[in-house]
Amino acid sequence: KAGVTQTPRYLIKTRGQQVTLSCSPISGHRSVSWYQQTPGQGLQFLFEYFSETQRNKGNFPGRFSGRQFSNSRSEMNVSTLELGDSALYLCASSTGLAGVMPSYNEQFFGPGTRLTVL
Amino acid sequence: AQSVTQLGSHVSVSEGALVLLRCNYSSSVPPYLFWYVQYPNQGLQLLLKYTSAATLVKGINGFEAEFKKSETSFHLTKPSAHMSDAAEYFCAVRTGTASKLTFGTGTRLQVTL
């Protein structure tokens, strides 16, 4: 079974631009979560999508948005990039089934997209 | 709200020595706890998880962790460190069936000869 894939792996942008990152979950998984990893703030939850709906949201400004398609693939978008947005963006997929034992909601992480904002 | 605290941002051990990485949690409801490992330029890999079935949890690569409710701890151990264990380790907590994970700040493990 193929793992979680993220594209692109590396990205360089300048301040003020916008960027779109893509995540393809494991086949059969309907939940996709996004995390931002920085040296200063560590790993922080951005949002979770399940069946094309945002189910959970972290504490990030509205410049950060996402969506999920009917095939469960997800994209996240960051508009008006700031230097502080430089980070590793990780995507995680799980079955996401509500009311199911947490073990079935184990999250599998992709390799991440390294975004550098100049 | 739940949180985890990892004591020690850097831990250095000799090859063959015991590895002990500390994690304490705070949660108002029974938590589900996880340890992840991250190698350079890679994503997170699940080492092991506690989901209330057993307090001593065995994971991959010889790691194990013990859930101690009285101490609100979930420390990660490995009897004998190997050079390939050098990586960053993250403790994480989740409650209920929500997917959101709350991570600790991470501990970088260095293994020396």
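Author: Buried means under 20% relative accessible area. The model here is predicted.

Reader: Where does A:Cys23 fall, buried or exposed?

Author: A:Cys23 has a relative accessible area of 0%, so it is buried under the 20% cut-off.

Reader: And what about A:Cys91, buried or exposed?

Author: A:Cys91 is buried, with a relative accessible area of 0%.

Reader: What do A:Cys23 and A:Cys91 form?

Author: A:Cys23 and A:Cys91 form a disulfide, with their sulfur atoms 1.7 Å apart. The pair links distant parts of the chain, 68 residues apart. A:Cys23 sits in strand β3 (residues 19–24) of chain A, and A:Cys91 in strand β9 (residues 87–94) of chain A.

Reader: Why is that disulfide of A:Cys23 and A:Cys91 called left-handed?

Author: Because the torsion about its S-S bond is about -45 degrees.

Reader: Switching topic. How many disulfides are there over all chains?

Author: The count comes to two.

Reader: Which residues of chain B form a disulfide?

Author: B:Cys23 and B:Cys91, with sulfur atoms 2.0 Å apart. B:Cys23 lies in strand β3 (residues 19–26) of chain B, and B:Cys91 in strand β9 (residues 87–95) of chain B. This pair, too, links distant parts of its chain, 68 residues apart.

Reader: What is the torsion about the S-S bond of B:Cys23 and B:Cys91?

Author: About -60 degrees, so the disulfide is left-handed.

Reader: B:Cys23, buried or exposed?

Author: B:Cys23 is buried, at a relative accessible area of 0%. B:Cys91 also counts as buried, at 0% relative accessibility.

How values were computed:
Residues are numbered from 1 along each chain as its sequence is written. Chains are lettered from A and ligands numbered from 1 in the order in which they are written. This is a predicted model: local features need pLDDT of at least 70, side-chain atom pairs count only at pLDDT 80 or more; totals for chains, interfaces and linings use all residues. Side-chain values use heavy atoms; hydrogens and water are left out. A disulfide is a pair of cysteine sulfur atoms within 2.5 Å. Helices (H or I, at least four residues) and strands (E, at least two) are DSSP runs, numbered from the N terminus. Buried means under 20% relative accessible area, exposed over 50%, partly exposed in between (1.4 Å probe, protein chains only).
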